[in-house]
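Dear colleague,

Please find below the structure that I am handing over to you. My notes on what was found in it follow directly after.

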Amino acid sequence: MTPDDLRTALTDRMTEKGWKWLTGACASVAADPAVVGGLFPLAGRRCGRVRLDPGDPYGWTVDDAARCLLLAALPLTGTPLLERIGALYRSGDAAERRAVLRALPLLPVGDAALPLVRDALRTNDTRLIAAALGDYATDHLDAETYRQGVLKCVFTGIPLTALPGLPGRADAEMARMMAAYAHERTAAGREVPADIGPILALFPDVPAPGHGDLESVPTATTDRRSPREA
């Protein structure tokens, strides 16, 4: 999302009082970056915490969007910007950390903020993990770490539909990992998460080491075509 997208998304989700606070807070941050440390934690109380999409438990909230706009207002680049957002991440609660992760695509940080993404992926907070695998990770995270992050989503019950860049980042090795996991679950008589099926179907020729063909995995069924057939 761009800052304009966020403002549009917030149009019907904030009170006039909340808008007035956020507008003033962004102006204060633009004039003096040091004040962001005091304003950042207040966004939930002043702007609200409801979900932008009530049906998506892993999606954006009002305070996510408000905090992202505060960070986008920072007149900083390079090391000063990285130090500022790093400090907010380290000192913040789960909601504040999630907002920092969501804001990364809006900030001129290149791949220098990847340590924050990797830190979030080491946690067991499912909403933090989902936020860590957003647009910034799609563009900057290395293939091995991205695959491990996706597999952690499967392990922890995060729906893969919560990962916006997954279709473009899926590869044969990810499919092999998913296939092995699916076979292990099937052999143990346990349910296989249905949303790994589209990943397996993108690479139908990838076998799971030590197991049979993917045809035995019921979730490897989809109407989507393999890249080989496109």
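The largest pocket holds about 270 Å³ of space; please bear in mind that the model is a predicted one. Its lining consists of 16 residues, and those nearest the pocket centre are Trp-60, Arg-102, Gly-134, Asp-135 and Pro-164. Two helices, H7 (94-103) and H9 (126-132), each contribute at least two residues to the lining of the largest pocket.

As to the overall architecture, the protein chain contains 14 helices and zero strands. The C-alpha trace extends over about 60 × 35 × 35 Å along its principal axes. Of the contacts in the protein chain with a separation of 6 or more, 65% join residues 24 or more positions apart.

Turning to the interior, 48% of the 230 residues in the protein chain are buried. The largest nonpolar core comprises 77 residues, and the members that touch the most others are Leu-22, Leu-71, Leu-101, Leu-160 and Met-178. Beyond its neighbours within four places in sequence, Leu-22 makes contact with Leu-10, Met-14, Cys-47, Ala-66, Leu-69 and Leu-70. In soluble globular proteins, nonpolar side chains tend to be buried together.

The aromatic residues also deserve mention. One aromatic pair was found in a search of the whole structure.

With kind regards

Key: Residues are numbered from 1 along each chain as its sequence is written. This is a predicted model: local features need pLDDT of at least 70, side-chain atom pairs count only at pLDDT 80 or more; totals for chains, interfaces and linings use all residues. Side-chain values use heavy atoms; hydrogens and water are left out. Rings of Phe, Tyr and Trp (its six-membered ring) pair if their centres lie within 6.5 Å; planes under 30 degrees apart count as stacked, over 60 as edge-to-face and the rest as tilted. A nonpolar core is a set of buried Ala, Val, Leu, Ile, Met, Phe, Trp, Tyr and Cys residues joined through side-chain atoms within 4.5 Å. Buried means under 20% relative accessible area, exposed over 50%, partly exposed in between (1.4 Å probe, protein chains only). Contact means heavy atoms within 4.5 Å. On a 1 Å grid over the protein atoms alone, a cavity is a set of points where a 1.4 Å probe fits but cannot get out, and a pocket is an open set with protein on both sides within 12 Å along at least five of seven lines; lining residues have an atom within 4 Å of a point. Grid points are joined across faces, edges and corners, and a volume is the space filled by probe spheres set on the points. Helices (H or I, at least four residues) and strands (E, at least two) are DSSP runs, numbered from the N terminus.
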